[in-house]
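The report that follows describes how side chains pack and pair in the structure shown here. It moves from individual residues to the contacts that join them.

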Amino acid sequence: MEQHERNLKFMEIAMKHVPEARKLLEGKGIEVTMDELQPLLSLLLHVMNEAYELGLNEQE
C-alpha cells in the first residue's frame, strides 16, 4: 500500500473517532469545529505513519 492510500485509510480511522473526541472536549466545556480539529488530525496522521514505519522496521 502506498503512502497516499495509507494516509486515506488512517484519516478514515481517525474520522470514526472524531465524534467521541468532540464529546470528550465538550464535556470539558470546550467546543471545537472541524476546522479547529484539522491540525490535530494532521498530527495524528504523522503519529500513525511513524507507528506504521516502526512496525515495518521491527518486522525486518
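Tyr 52 is partly exposed, with a relative accessible area of 30%, where buried means under 20% relative accessible area, exposed over 50%, and partly exposed in between, computed with a 1.4 Å probe on protein chains only. The model is predicted, and for this reason local features need pLDDT of at least 70 and side-chain atom pairs count only at pLDDT 80 or more, while totals for chains, interfaces and linings use all residues. Residues are numbered from 1 along each chain as its sequence is written, and side-chain values use heavy atoms, with hydrogens and water left out.

The structure holds one aromatic pair, formed by Phe 10 and Tyr 52 in an edge-to-face arrangement, with 6.4 Å from centre to centre and 70° between the planes. Phe 10 lies in helix H1 and Tyr 52 in helix H2, so the pair ties together parts that are 42 residues apart in sequence. For this term, rings of Phe, Tyr and Trp (its six-membered ring) pair if their centres lie within 6.5 Å, and planes under 30 degrees apart count as stacked, over 60 as edge-to-face and the rest as tilted. Phe 10 is buried, at a relative accessible area of 12%.

Helices here are DSSP runs (H or I, at least four residues), numbered from the N terminus. Helix H2 covers residues 34-59, has 26 residues and reaches 36 Å from its first C-alpha to its last, close to the 38 Å expected at 1.5 Å a residue; the expected span is 1.5 Å times one less than the number of residues. The buried residues of H2 are Leu 37, Leu 41, Leu 45, Met 48 and Asn 49, and what covers them includes helix H1 (3-27).

Arg 6 also belongs to helix H1, and its relative accessible area of 6% makes it buried. Leaving aside neighbours within four places in sequence, Arg 6 is in contact (heavy atoms within 4.5 Å) with Met 1, Asn 49, Tyr 52 and Glu 53. With Asn 49, the side chain of Arg 6 makes a polar contact of 3.2 Å; such a contact is a pair of N or O atoms within 3.5 Å, and within protein one must be able to donate a hydrogen and the other to accept it, residues adjacent in sequence counting only if both atoms are side-chain atoms.

A search of the whole structure finds two salt bridges, each defined as a side-chain nitrogen of Lys or Arg within 4 Å of a carboxyl oxygen of Asp or Glu.

| Salt bridge | Closest N to O |
|---|---|
| Arg 6 and Glu 53 | 3.6 Å |

In the salt bridge between Arg 6 and Glu 53, Glu 53 lies in helix H2 and Arg 6 in helix H1, so the pair ties together parts that are 47 residues apart in sequence. Glu 53 is partly exposed, with a relative accessible area of 36%. Lys 9 and Glu 12, by contrast, are three residues apart in helix H1 and therefore separated by about one helical turn. Lys 9 is partly exposed at 40% relative accessible area, and Glu 12 counts as partly exposed at 47%.

Elsewhere in helix H1 is Ala 21, which counts as partly exposed at 32% relative accessibility. Ala 21 and Leu 37 are 16 residues apart in sequence, and their C-alpha atoms are 9.6 Å apart in space.

Definitions and conventions
Helices (H or I, at least four residues) and strands (E, at least two) are DSSP runs, numbered from the N terminus.
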